Structures are given as C-alpha cells and as structure tokens.
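Look at the fold first, then at the ligand.

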Amino acid sequence: MAQKRIFSGIKPTGRLHLGNYIGAIKQWVAMQNEGECFFCIVDLHAITVPQEPKILKEKIRELAALYLACGIDPEKSVIFVQSHNLDHPALAWILDCVASMGQLGRMTQYKSKSEELKGKVSVGLFNYPVLMAADILLYQTDLVPVGEDQIQHVELTRDLAERFNHRFGQIFKIPEHRIFKIGARVMSLQHPEKKMSKSDDDPNGTIDLLDQPDEIRRKIKVAVTDSGREILFREDKPAISNLLTIYSHLSGKSVEELEKKYQGKGYREFKDDLAEVVVEFLRPIQQRYTQIRQEKKYLDQVLATGLKKAQAISRRTMNQVYQAVGLG
Ligand code: TYM
C-alpha cells in the first residue's frame with residue numbers, strides 16, 4: 001500500500017508556544033512513522049502582515065531549529081522553507097484564479113485578523129488560505145495535522161482541489177485534517193475563553209517553548225483558575241480543564257488519571273506539579289535547540305536537503321497543473 005503523505009507548517013512569527021507544540025508539532029512527531037512527512041517553515045505566510053526583515057530572517061532559522069529540537073527527524077521527514085520553493089507562490093496564483101472572493105471573505109481567521117488590523121489589510125492576507133491550499137496540494141497530501149483553528153482552511157483546500165479537478169481533470173488528491181481530540185485548542189492561561197496565541201499582548205497568557213524555568217513557574221502560578229476547588233475537566237471549569245490538557249499532553253498521563261491523582265487536593269499543589277512537568281518537558285528541547293543553533297552548517301544542510309526532496313515532488317505536480325490548465 002502506498003504511504004500516506006503528511007504536510008503541515010508553522011509561520012516564523014512571534015514565539016512558538018505550548019499551543020503550537022500540542023496542537024501541531026506533537027502530532028507531527030508521532031506521525032513520522034505513519035507516512036511520508038513534509039514540515040514547512042511558511043515564511044511567505046508570515047509576510048501577509050508586516051514583519052521586520054532582520055527579525056524574520058532570524059525567526060526562520062529559530063523555527064527550523066525548534067522543529068528539530070522538538071523531535072522532527074530529518075532522516076524521516078522533509079523540513080524546508082516555503083519561500084525557497086517557488087512552486088508554492090506559482091500554484092497559489094493558479095488557485096487564485098479558481099477561488100472566489102466570496103469564499104475567501106468568509107474565512108473566520110481573515111475576518112478576525114482584518115478587524116484587528118482595522119481595515120489595513122493586504123491582498124496577501126486575503127489570499128492567505130489560497131497559498132495554504134497550494135502548500136498542501138503541491139505534495140498530493142493525504143493528511144494535514146493542525147490545531148482546530150486551521151480546520152476551516154483545510155476545508156477550503158478540499159473545496160479548491162475539487163473545483164480544480166472538476167474543471168481540469170483529476171490532478172489533486174483531496175486532503176483531510178487531523179486534530180487531537182483534546183488539545184486541538186490550547187487556551188490562554190490568562191483568558192481561558194481565548195486560544196493561546198503568538199500575537200497575545202499579555203505575555204502571561206502563553207508558555208513559550210524557550211521560556212526559562214523560573215518564567216514558566218511564575219506564569220503557571222499566576223494562571224487564572226475557576227471558582228470552586230475541584231480539579232476536574234468540565235465545561236464550567238475552562239481554566240482548570242486547559243491546565244489539565246497541558247498536564248496530560250506533556251506528562252503522558254490521561255486526564256482521568258490526573259483527576260484521580262488530585263482528588264481532594266488544592267490548586268496550589270496541582271499548579272506546583274504542573275510547573276515542574278512543563279519545566280522538565282521543555283528542558284531537553286531547549287538543550288537540543290541551543291546545540292542546533294550553534295551548528296549553523298548542519299541547519300543549512302538540513303534545509304537544503306529538504307528543499308531538494310520537496311521540489312522533486314512539487315515539480316511533478318506543477319508539470320501536471322501546467323499541462324491541465326494549458327499554460328507554458
Ligand atoms: P500558525 O503558525 O498560526 O500555527 C501553527 C500551528 O499551531 C496550531 N495552533 C494551536 N493549536 C492548539 N492550540 C492553540 N492555541 C494553537 N495555536 C496555534 C495551529 O492550528 C497550526 O497547526 N495557517 C497555518 C500555517 C500553514 C499551514 C500550511 C498549516 C501554512 N500552510 C499548510 C498546515 C498546512 C498557521 O496559521 O500556522
């Protein structure tokens with residue numbers, strides 16, 4: 001049986017946090033043995049909102065090093081930078097000519113981002129989901145492991161692929177998203193009704209993968225809790241449910257086990273233990289990260305090899321697309 005193709009990516013903006021890890025990267029690490037994986041640093045998506053050029057360049061390398069430090073194995077998976085492979089913007093343009101303004105205008109992320117930007121919206125931001133569709137479709141992807149906020153974009157990708165295939169013949173495989181049942185939406189530690197986000201103004205809302213131990217302990221200590229004392233995963237306890245989600249994912253213990261462990265115990269003990277779980281989980285990731293950042297050549301080589309492997313597949317798709325559309 002043919003191996004499944006798996007594609008996903010993260011934007012090199014802000015600081016990578018536990019939401020990104022649990023929602024996306026943790027799935028990726030596990031899926032490396034399930035199929036042929038492509039993990040991209042989606043820098044062209046990053047510039048849909050203004051970025052400082054020097055910082056962006058640094059962030060691209062930081063993110064690549066974090067992929068490796070978190071356990072993405074370049075022997076098993078293809079790691080590459082989106083802007084290095086021009087097939088991505090080329091296919092995005094062709095898909096732009098298939099997508100409709102109406103459907104892009106309905107994307108919830110676009111709507112909330114453009115509200116935040118108070119109308120100062122680039123055409124790139126509007127087209128963002130089309131570029132994402134191009135990323136996925138170029139590799140004839142079966143599965144897209146993401147957090148919950150990206151489901152709508154994967155659905156749009158399916159729709160564009162179906163529309164294109166209908167018009168030009170069976171070119172694209174129709175992909176599906178893959179999310180965790182619990183942890184697909186990790187919430188802010190300060191506002192448990194909002195998702196943990198790289199662009200959160202309140203630094204206490206997120207735990208970043210490169211946060212130092214004392215910073216992590218402090219953030220967990222000041223994390224908001226719910227009324228009552230019980231440590232239970234329940235709808236009326238969004239803050240504690242979120243902390244339980246993080247605890248469960250990083251410790252490997254189920255939520256039920258944790259509820260039992262903390263029966264009759266207070267928030268204080270629970271939070272102290274959680275802080276140590278997070279610190280110990282991130283310690284080896286941070287150590288590997290520091291080491292990888294010192295080996296500049298190694299990172300360059302991983303990205304160059306990844307690019308070659310990615311292009312070998314994406315070129316094939318582009319040839320088919322050009323033929324089908326009647327280009328060139
Ligand atoms: P980005 O960089 O915003 O987010 C990267 C991944 O992290 C997940 N995520 C979360 N998961 C759980 N809880 C959270 N609080 C949380 N915050 C973020 C996101 O769902 C995502 O999986 N559009 C994508 C990047 C992209 C992409 C692609 C993804 C571009 N092309 C092709 C998959 C396939 C994004 O916004 O990433």
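Contact means heavy atoms within 4.5 Å. By that rule, and leaving out residues up to four places away in sequence, Ile240 touches Thr225, Asp226, Glu230, Ile231, Leu232, Tyr267 and Phe270. This is a predicted model: local features need pLDDT of at least 70, side-chain atom pairs count only at pLDDT 80 or more, and totals for chains, interfaces and linings use all residues. Residues are numbered from 1 along each chain as its sequence is written, and side-chain values use heavy atoms, without hydrogens and water.

Ile240 sits in helix α10 (residues 238-251). Helices (H or I, at least four residues) and strands (E, at least two) are DSSP runs, numbered from the N terminus. Ile240 has a relative accessible area of 0%, so Ile240 is buried (under 20% relative accessible area, 1.4 Å probe, protein chains only).

Now strand β1 (residues 4-10). Five of its seven residues are buried, so β1 is largely enclosed by the rest of the structure. Seven bridges join β1 to the parallel strand β2 (residues 35-41); strands pair if DSSP finds at least two bridges between them. Ile6 stands opposite Cys37 in β2.

| Residue | Protein atom | Distance |
|---|---|---|
| Asn20 | side chain | 3.1 Å |
| Gly147 | backbone | 2.9 Å |
| Lys198 | side chain | 2.7 Å |

Taken alone, the ligand exposes 710 Å², and the protein buries 97% of that (Shrake-Rupley method, 1.4 Å probe).

Terms used. Buried < 20%, exposed > 50% of the residue type's maximum accessible area, 1.4 Å probe, protein only. Polar contact = N/O pair within 3.5 Å; in protein donor to acceptor, adjacent residues only side chain to side chain.
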